[in-house]
Amino acid sequence: MPPDRIIPTTCPFCGVGCQIQLNIKDEQILRVTTDFELAPNYGQLCVKGRFGVDFVHHPTRLTTPLIRKDIVPGQPFAKARKAASLAEGYRAASWDEALDLVADQLAAIAQQSGGDAIGAYCCAKATNEDNYIFQKLVRTLLKTNNIDHCARLCHAGSVAGLMRTIGSSAMSNSITEMEHLDTFLVTGSNTTYAHPVIALSLKKAVDNGARLIVIDPRRIELVDFATLWLQQRPGSDVAVFQAMAHVIVSEKLYDVDYIVRHTEDFAAYAASLTPFTPEWAEQVSGVPADKIRQAARLYANAHSAALYWGMGISQSTHGADNASALVNLAMLCGHIGKFGGGLNPLRGQNNVQGCSDMGGLPNVYPGYQPVGDAAVRANFAAAWGVDLSPANGLTAVEMVHAVARGEIRAFYIMGEDPMTSEPHLTHARHSLENLDFMAIQDIFANETALYAHVILPAASFAEKAGTFTNTERRVQRVRPALNPPGLARPDLDILLDLARRLSQRRGIDTRQGWEYAGPAAVWREVGQVAPDFRGITYERIAKVGIQYPCPDEDHPGTLYLFADGVPRGRGKFWPLDFQPPLETPDEVYPFNLSTGRLLYHWHGGTMTRRSALNDIAPQPVVEINPADARRIPCADGDLVRIASRRGEVTARVEVSDRSPVGTIFLPFHYAEAAANLLTLDELDPAAKIPDYKNTAVAISPAETHDWQMILH
């Protein structure tokens, strides 16, 4: 059946940023195709990009503004409480009524308690333009830097480790380099599930002769393609990386020229490695010392070598140390700043890179310019025409704790779902119930939305214009193929409408005001305040995206970073001590829980569980090693209860040797078996990220009625 029209746009799922074509027939997405000539995917699509976008037509889309039925004009609001359903808890409202209510409440709380009594979540699924305007609204009109997003819960450990060692947190190499790799190491990334199109390129590299080292507790699919697999105990990553560095230094395999020209503090770092022998690491990690030596030599002796990692490295209370240990390895061997050689944290969401680039973080303005730097702050104050708060804001998890203490009174959440993504969800729920006001802006009523006072219906990726930035720093166009359902509006329109109301109530006028002639005008302003994006225009990326830094319109974009050195001037070697996970199995909770993704679902499941893909993976399944299954005892398809010190969930069993003995794996896509009811909310001191990979749990057989209660 031929489509009525074909609209090129960017996939809304993972950070690969595949270019897709929405084939529209009778105002429905008929099918998804792709262009074989366009980076970054060159005609490849995963199952989510090909078959998962039908969520845009789901009957539960939000189509009208909603206000809680118990809100009575002129009377104090009740605290945030979960409504039984949208129908029971909310009434339809006009846009004017809903936005006036939101503006009145935010302005009143800012006036009474100061802007820092408000917390804001921007969105890694929204466009760059949406997030730029949102953080500008929060900083200029609410006078707070309390703004964060899900990157805090994904790659904050990577960001902290990279920033303190080299001064940049972006992925340094490109997807197009992958199939030409010489040697590469993948750790903490189930790439074939989380970034399937990237995994295809990495497999092709192996077919072309590249050597692959996998360091992962689970037997992921890439193990079948690896020259070496180091199966470390969960939480022992630093021990393995330090021992590899010990081998490289003791055998003098390091790149003297690179170290002299581009780094500092090598001598102190080299001395600090003395105790971290492969034999010591074998005792800590379970990886044979000889395998550690082989991996170190293979990596160090490569002409060029790339490091790729995912949330298995960053989602840890030692995430910053994990990432710093990887940077140390790359600097030792000079595998930075060259084709096929670099540091590559694989971004999880379609625009998590862009959301961070646009200043969706509590400590930096757009372009990672520090809030605490007086000169930077003065530049932004001049550009925006208002005074700005000099204090770093709170991170996502810190904001939840601040609500519990009564320090934050209101939340404005765009496209995020803390009642799925936050660790220790029972504590998060108690915190949200302490809020005086909460507004949600989203395409669906997620788990958090039912606590809100006001719900604002937004357009999906297929119904608005803007840009996304993928994991390799490529800024790409997003185009509307459909009209939003009902009264839903693009996020940018909602935010600008709210900003005009807040500006009036707060008596604050910004230099440009809040009138923009569409997303392209917003993007032009981004280039004015963040030089890395100055040369990227909508016209230049009409067909294929450009990788920043791109300082002017004659610049072609940057294929790989750090050819002339790292942003901090010299890379800083970072001595490390090994520290075990904060929570380890014991007699009462004898198993370790790790959480992560399935191939057929994505993050909190808000989108994919409303797509045809949910028919393939409709219910939560916990992966248990055969030896552990005999010990519990349980078998494929059985129901088990999984309990930690913080909560419990029920799931069906999949017996599999992918997970090692003593470790179980539970995906985080299912609200009815929310993995984060179990996880610990202690934070990495540098990155402020919790640990989603190391939670002590007990497992016991469950009764069928437990499952029926969860489903209903």
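In what order do the three strands of the open sheet with β19 stand, and is their pairing parallel or antiparallel? Select β19, β20 and β21: the order is β19-β20-β21, and the pairing is antiparallel. Before going further, note that this is a predicted model, in which local features need pLDDT of at least 70 and side-chain atom pairs count only at pLDDT 80 or more, while totals for chains, interfaces and linings use all residues. Residues are numbered from 1 along each chain as its sequence is written, and side-chain values use heavy atoms, with hydrogens and water left out.

**Stop 1: the β19 sheet**

Helices (H or I, at least four residues) and strands (E, at least two) are DSSP runs, numbered from the N terminus. Two strands pair if DSSP finds at least two bridges between them. Colour β19 (466-469) and β21 (546-547), the edge strands, each of which pairs on one side only.

Now show helix α4 (residues 128-140), which lies across β19 and β20 and runs at about 95 degrees to β19. Such angles run from 0 to 180 degrees between N-to-C directions, with axes fitted to C-alpha atoms, for helices over the stretch in contact (heavy atoms within 4.5 Å).

**Stop 2: the β1 sheet**

Select β1, β2 and β3, an open sheet of three strands in that order with antiparallel pairing. β1 (5-10) and β3 (28-33) each have a single partner strand, so one side of each has no neighbour in the sheet. From one strand to the next, the twist averages 30 degrees. Five bridges join β2 (residues 19-25) to β3, and Lys 25 stands opposite Gln 28 in β3.

**Stop 3**

**Stop 4: the cysteines**

The whole structure has zero disulfides (pairs of cysteine sulfur atoms within 2.5 Å). Select Cys 11, which is buried at 7% relative accessible area; its sulfur is 5.9 Å from the closest cysteine sulfur, in Cys 18, too far for a bond. Finish at Cys 123, buried at 4% relative accessibility, whose sulfur is 6.9 Å from the closest one, in Cys 355, also too far for a bond.

Terms used. Buried means under 20% relative accessible area, exposed over 50%, partly exposed in between (1.4 Å probe, protein chains only).
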